[in-house]
Amino acid sequence: MKDILLVEDNLINQRLAIAIFRKANYTFDTADNGKDALKLVQKNKYGIILMDIQMPIMDGIEATIEIRKYEDLNKLIPTPIFAVTAYTEENDTERFLDIGINDCIRKPFNYQQLIEFIEKNNNR
């Protein structure tokens, strides 16, 4: 099992998160969109999924719905999925929770915020 699946289409955000993961000695995979994330979830187990919301091909909302369907169908323990987003409206958070996202971490974040969030929520 890997610690983290990062689903993020922005290369700068990916590089920042990867640097943080490496510094903290986490094992991880990355996906550029929700479709690729779904394929990885079907092959691997993760302690936590950090899911961007706005992405091409398949966004974070649709990807989360599909991941939850896959877990349900296969009777798997749900992987904690956290939206990593710049959205700040309260109704957005409610909508995320309704589709199976466990919580949100807001962009931009710093090293300490991300590490504390992962440590608190990682299902390893």
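This is a predicted model: local features need pLDDT of at least 70, side-chain atom pairs count only at pLDDT 80 or more; totals for chains, interfaces and linings use all residues.
Local features rest on residues with pLDDT of at least 70 and side-chain atom pairs on pLDDT 80 or more, while totals for chains, interfaces and linings take in all residues. Numbering starts from 1 along each chain as its sequence is written, and side-chain values use heavy atoms, with hydrogens and water left out.

The sheet comes first. Five strands make up an open, parallel sheet in the order β2-β1-β3-β4-β5. Here strands (E, at least two residues) and helices (H or I, at least four) are DSSP runs numbered from the N terminus, and two strands count as paired if DSSP finds at least two bridges between them. The edges belong to β2 (28–31) and β5 (103–106); each has a single partner strand, so one side of each is left without a neighbour in the sheet. From one strand to the next the twist averages 20°. Further in, β1 (residues 2–7) and β3 (residues 46–52) pair in parallel over 5 bridges, with Leu-6 sitting opposite Leu-50 in β3.

Helix α3 (residues 60–73) lies across β3 and β4 (81–85), at about 150° to β3; such angles run from 0 to 180 degrees between N-to-C directions of axes fitted to C-alpha atoms, for helices over the stretch in contact. The loop between α3 and β4 holds Thr-79. Thr-79 is buried, at 5% relative accessible area (buried is under 20%, exposed over 50%, partly exposed in between, with a 1.4 Å probe and protein chains only). Beyond its neighbours within four places in sequence, Thr-79 has contacts (heavy atoms within 4.5 Å) that include Ile-49, Arg-68 and Asn-102.

Now for the cores, meaning sets of buried Ala, Val, Leu, Ile, Met, Phe, Trp, Tyr and Cys residues joined through side-chain atoms within 4.5 Å. The largest has 21 residues, of which Leu-5, Val-7, Ile-49, Met-51, Ile-67 and Phe-96 touch the most other members. Two or more residues come from each of β1, α2 (34–43), β3, α3 and β4, and α2 gives the largest share, 4 residues. Another core, of 17 residues, lies apart from it and has Phe-21, Phe-82, Val-84 and Phe-117 among its members.

That leaves a helix pair. The axes of α1 (residues 11–23) and α5 (residues 111–121) come within 10 Å and cross at roughly 65°. At this meeting, Ile-20, Phe-21 and Lys-23 of α1 are in contact with Tyr-111, Leu-114, Ile-115 and Ile-118 of α5.
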